[in-house]
Amino acid sequence: MPPVQSVLVVDPDTDFLEWVETQLHAQGVKVLISSDSEKAYQLFLKNKPDVILTETHGKPLGGMDLLAKIRHRDSNAIVVLMSAFGTTQAVIEAMRLGAFDFIRKQQLPFTLKVVIDSALKAQSDMKAATSAKPALTVEEHQDSLVGKSAAMQQVFKMVGRVSMSDAPVMITGESGSGKELVARAVHQYSQRHNKSYVAINCAAIPEQLLESELFGHEKGAFTGAVSQRAGRFEQCDGGSLFLDEIGDMPIQLQSKILRVLQDGEFTRVGGNQVIRSDVRIIAATNKNLEQEVSERRFREDLFYRLNVVRIQLPPLRQRTEDIRLLAEYFIQKISTRLRLPKLSISEDAMRLLEGHSWPGNVRELENTIQRSCVLATSDVLLPKDIPLGQVATVVDPSNPLAHAGEITREQAVRALLRFAEQSPDTQLLPWLEREFTLHAMRVTNGNQVRAAKLLGITRATLRKRIEQFSITRETTVT
Ligand SMILES: Nc1ncnc2c1ncn2[C@@H]1O[C@H](COP(=O)(O)OP(=O)(O)OP(=O)(O)O)[C@@H](O)[C@H]1O
Ligand SMILES: [Mg+2]
């Protein structure tokens with residue numbers, strides 16, 4: 001019979017504490033509770049509980065700070081964070097600070113036992129695996145990697161876990177599933193975050209140039225090599241190198257990559273001098289590399305070297321619970337970028353999105369939302385605005401006003417602004433803005449409230465434009 005194990009539970013909500021206490025008692029675990037995180041830390045020092053379960057919103061110390069403090073003191077401590085929210089950044093940060101797990105509170109009634117059991121069981125295994133880490137601060141930045149599904153939370157946890165190591169990371173997943181975004185996150189959250197991040201697409205560069213691109217060349221190494229040039233591996237010393245589409249790397253180059261991975265050494269094309277570079281490799285592919293290996297198109301030894309940590313991105317159709325969140329995120333992102341009025345989406349339209357199978361994954365969703373935002377005839381996206389599986393005929397570039405008769409003015413404005421945005425002629429956008437502002441002021445007889453409404457912008461924005469374009473009463477009088 002193993003000795004009784006103990007869990008310290010920290011949460012400002014005393015009702016919740018009582019609930020957890022009852023549950024864990026029933027599990028035969030010794031329970032310590034505290035609604036005050038400073039006191040909880042003292043309890044931790046005194047009692048050395050096997051597992052600490054803490055809310056992220058603690059008082060007076062936040063859960064992350066408590067986690068950092070505990071892990072700083074005892075790098076083998078097993079701390080589980082819980083939150084009703086669990087944003088991407090919070091999950092990554094928690095894992096980075098060495099949390100054992102991050103759980104969503106809503107799921108606790110179903111998962112508490114499993115989580116605590118596995119935390120207690122893993123305690124001994126964890127001891128050898130972790131080492132003391134100081135609390136690191138991450139710059140505040142907006143989540144750009146969105147996802148609440150269990151599968152994506154798993155991805156965030158992996159990003160956090162690999163942040164302290166330099167091990168190669170292999171990211172796999174279908175096209176458009178977010179591999180590149182995850183690669184960036186791996187770098188961003190790593191110790192190398194203020195060193196360079198260089199991305200190279202192995203499939204997009206002709207085979208003859210790829211070697212020189214990666215490793216550089218000596219003067220005269222080949223026709224056109226007029227001077228010596230450093231390759232990506234050299235430029236990226238101390239940083240992370242993202243080898244995108246690694247499955248398309250020519251086999252003869254693969255051995256050179258393997259050498260860098262093993263010894264950190266390589267030579268430039270046409271050179272003998274051995275160059276050393278400390279580069280963390282992040283690789284991605286949408287190919288099945290195991291199959292490539294079995295068909296001898298990919299070196300087995302390189303595969304094992306790269307596959308130390310594998311982050312598998314699930315296709316969007318296997319995480320439908322993320323569709324809503326991603327859709328809302330893209331609506332916000334796109335309307336800000338295209339300077340559209342604040343848009344929202346109807347439940348029917350959302351259900352349409354949730355019911356689609358998204359063969360093109362998140363990229364397809366993003367493109368669909370982008371088209372919808374431009375096509376929308378009101379500030380709410382409706383099912384008719386969602387061009388699923390259609391080729392978008394948003395606007396005829398040769399005559400952006402061709403649709404103006406059939407569609408509302410606001411839609412025309414949006415289409416035009418979008419057209420202008422895509423146009424290489426950067427002069428077009430201010431010109432259009434001025435024309436529309438002027439037009440709106442004229443037809444409303446200089447009434448700013450009505451003009452702003454007509455343009456679908458706020459009055460403050462309208463005032464800014466009036467000032468910016470020096471529109472006076474005289475110019476609006478026709
Ligand atoms: N979880 C996510 N949150 C927010 N945006 C995402 C997410 N996943 C993907 N995206 C967006 O979807 C688009 C496609 O993602 P990305 O380029 O990373 O895909 P990929 O897996 O590299 O695709 P490919 O294999 O075709 O290169 C990008 O615009 C990216 O910003
Ligand atoms: Mg990609």
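Is Asp117 buried, partly exposed or exposed, and what is its relative accessible area? Let's work it out, along with a few salt bridges.

This is a predicted model, where local features need pLDDT of at least 70, side-chain atom pairs count only at pLDDT 80 or more, and totals for chains, interfaces and linings use all residues. Residues are numbered from 1 along each chain as its sequence is written, and side-chain values use heavy atoms, with hydrogens and water left out.

**Exercise 1.** Classify Asp117 and find its partner.

*Step 1.* Grab the cut-offs: buried is under 20% relative accessible area, exposed is over 50%, and partly exposed is in between (1.4 Å probe, protein chains only).

*Step 2.* Asp117 comes out at 33%, so call it partly exposed.

*Step 3.* Its partner is Lys113, joined by a salt bridge with the closest N and O atoms 2.9 Å apart. (A salt bridge is a side-chain nitrogen of Lys or Arg within 4 Å of a carboxyl oxygen of Asp or Glu.)

*Step 4.* Both residues sit in helix 5 (residues 108–129), four residues apart, or about one turn of the helix. Helices here are DSSP runs (H or I, at least four residues), numbered from the N terminus.

**Exercise 2.** Describe the salt bridge between Lys256 and Glu211.

*Step 1.* The closest N and O atoms of Lys256 and Glu211 are 2.9 Å apart.

*Step 2.* This pair links distant parts of the chain: Lys256 belongs to helix 10 (residues 251–263) and Glu211 to helix 8 (residues 207–215), 45 residues apart.

*Step 3.* Lys256 is buried at 15%, whereas Glu211 is partly exposed at 28%.

Key: Chains lettered and ligands numbered in written order. Helix = DSSP H or I, 4+ residues; strand = E, 2+ residues; numbered from the N terminus.
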